[in-house]
Amino acid sequence: MSEGVLKGKLFCSIYKSRRKSGMYLYVDRQKGLKEVPEILMGQFGHAEHVTDMILNPTRPLARADVEQVMEKIREQGFYLQMPPPPRSEERRVGKECRSRW
């Protein structure tokens with residue numbers, strides 16, 4: 001893909017962890033998993049390729065800030081998306097917030 005087409009965008013690959021449900025790694029498609037630290041890969045487990053996509057600052061992601069994802073990939077070679085908190089944790093946090101306000 002030419003640089004002109006991707007100006008301000010980033011072509012990435014997304015992998016999911018077989019070990020931890022809801023955990024994903026976003027990496028530069030051309031570099032793959034090469035820049036992900038060994039210790040993180042040990043915790044992540046087998047990385048199963050999910051999809052490739054072009055990240056664009058004007059197109060939001062469902063569970064992450066697209067600009068932060070792009071910045072982390074460019075700076076450190078990857079972005080780690082953690083699983084959402086369990087439902088019971090969400091309810092507890094929600095109750096705490098309501099009781100404070």
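**Entry 1: a loop residue**

I started with Asn-56, which lies in the loop between β3 and α2. I'm working on a predicted model, where local features need pLDDT of at least 70, side-chain atom pairs count only at pLDDT 80 or more, and totals for chains, interfaces and linings use all residues. Residues are numbered from 1 along each chain as its sequence is written, and side-chain values use heavy atoms, with hydrogens and water left out.

Is Asn-56 buried or exposed? I got a relative accessible area of 16%, so Asn-56 is buried. My cut-offs are under 20% for buried, over 50% for exposed and partly exposed in between, with a 1.4 Å probe and protein chains only. The Asn-56 side chain also makes a polar contact with the side chain of Thr-58, at 2.9 Å. (A polar contact is a pair of N or O atoms within 3.5 Å; within protein, one must be able to donate a hydrogen and the other to accept it, and residues adjacent in sequence count only if both atoms are side-chain atoms.)

**Entry 2: the overall layout**

I then zoomed out and found 3 helices and 4 strands in the protein chain. From the N terminus on, I read the order as β-β-α-β-α-β-α. Helices here are DSSP runs of H or I with at least four residues, strands are runs of E with at least two, and both are numbered from the N terminus. The protein chain has 101 residues, and 31% of them count as buried.

**Entry 3: salt bridges**

How many salt bridges does a search of the whole structure find? I got 3. (That takes a side-chain nitrogen of Lys or Arg within 4 Å of a carboxyl oxygen of Asp or Glu.)

One of them joins the side chains of Arg-18 and Glu-48, at 2.9 Å from N to O. Arg-18 sits in the loop between β1 (10-17) and β2 (24-28) and Glu-48 in strand β3 (residues 47-55), so this pair ties together parts 30 residues apart in sequence. I noted Arg-18 as exposed at 58%, while Glu-48 is partly exposed at 28%.

Next I checked Asp-52 and Arg-29, whose side chains meet at 3.1 Å, N to O. This pair also links distant parts of the chain: Asp-52 is in strand β3 and Arg-29 in the loop between β2 and α1 (38-44), 23 residues apart. Asp-52 is partly exposed at 28%, and so is Arg-29 at 41%.

Glu-35 forms a salt bridge with Lys-31, and their closest N and O atoms are 3.5 Å apart. I wrote down 37% for Glu-35, partly exposed, and 39% for Lys-31, partly exposed too.

The Asp-28 side chain does reach the backbone nitrogen of Gln-30, at 2.8 Å.
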